[in-house]
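Some words used for protein structures rest on cut-offs. How is such a word set against its cut-off?

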Amino acid sequence: MGNIGKKDYKKGKPLRRTDIKLSDREEEKDDTVGDLDKIEGRNSVFEAIKSGRTINKILVQKGEKEGSIRNIIAMAREKGIVVQETDKSNLDKISATHAHQGIIAYVAFKDYVEVDDILEIARSKGEDPYIIILDGITDAYNLGSILRTADAVGAHGVIIPKRRAIGLNAAVSKASAGAIEYVPVARVTNISQTIEYLKKKNVWVVGTDLSGEKSFFESDLKGPLALVIGSEGEGMGRLVAEKCDFIVNIPMQGKISSLNAAVAGAIIMYEIRRQRNF
């Protein structure tokens, strides 16, 4: 299928050290960080360590260590991860999210998987594929929130486009509250072609739009299924919508005619989970 599911990521070159160093000096110049990504916030860093993600080092804010920060440092010590203390002003300067909560980890870039990897995950669990396809999500909070819900409902993976959409970065990781470590994400060249590929694998593809023939709770959402969630402003593209087997809507009774992409996606994702369980 051409470029469908082709891996698109950079390989980090993390340092490997066997002992933890907790220093009271500010972060020194480190030539390796240019090949690394950042994870920010306590939940995100905790889940990255717990999941076994390759971590180069962790920066923590100077001062008394309490609660979850102490737990993170203890876990890092067990895994031989370098920990350095630094001033809050330095963390503020480094931070991409501006919500680092006193901790930033340098990690190898998150690997994208192939579409076939997601299908194999479902097969290995003896389950019908449950896939989320995002058609042009550009907001980090929306992507992070969708990943968090995808993890909660047991989706086998998420598919995003390479162009005109946000990829996996520090802001998405923060918004996902660590779910980015557990939800496989495939990044593909063409969403429409990917839908055709999934259909050949006997996966039904359902789109979401106000023009949908039925409401989501009146529709049969059981079996092998891929749910398409459109972009924040324009929804699904025309070609993508035409490729869907059917389209469902979310009934709206208030003054506002649409929902945030992550909220709309979560509502339907949980209905799919409910139908699959009962």
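The questions and answers below set values for this predicted model against the definitions.

Q: What kind of model is this, and how are its residues numbered?
A: This is a predicted model, in which local features need pLDDT of at least 70, side-chain atom pairs count only at pLDDT 80 or more, and totals for chains, interfaces and linings use all residues. Residues are numbered from 1 along each chain as its sequence is written, and side-chain values use heavy atoms, with hydrogens and water left out.

Q: How many helices and strands does the protein chain have?
A: The protein chain has nine helices and twelve strands. Helices (H or I, at least four residues) and strands (E, at least two) are DSSP runs, numbered from the N terminus.

Q: Which residues of α2 are buried, and why are they said to line one face?
A: Buried means under 20% relative accessible area, exposed over 50%, and partly exposed in between (1.4 Å probe, protein chains only). In α2, Ile-69, Ile-72, Ile-73, Met-75 and Ala-76 are buried. Seen down the axis of α2, they fall within an arc of 165 degrees, so they line one face of the helix; the arc is that of the directions from the helix axis to the C-beta atoms. On the other side of α2, Arg-70 and Glu-78 are exposed.

Q: What makes α5 count as largely enclosed?
A: Ten of the 14 residues of α5 are buried, so this helix is largely enclosed by the rest of the structure. Among them are Leu-143, Ile-146 and Leu-147. The buried residues of α5 pack against β6, β7, α6, β8 (185-188), β11 and α9, where contact means heavy atoms within 4.5 Å.

Q: What is a nonpolar core, and how many residues has the largest one?
A: A nonpolar core is a set of buried Ala, Val, Leu, Ile, Met, Phe, Trp, Tyr and Cys residues joined through side-chain atoms within 4.5 Å. The largest nonpolar core has 34 residues, and those with the most contacts inside it include Leu-134 and Val-158. A second, separate core of 21 residues includes Ala-186, Tyr-197, Ala-226 and Cys-244.

Q: What makes the phi of Gln-101 and of Arg-164 worth a remark?
A: Most residues other than glycine have a negative phi. Gln-101 has a positive phi of about 55 degrees although it is not a glycine, and Arg-164 likewise has a positive phi of about 55 degrees without being a glycine. Gln-101 is found in the loop between α3 (88-94) and β5, and Arg-164 in the loop between β7 and α6 (170-176).
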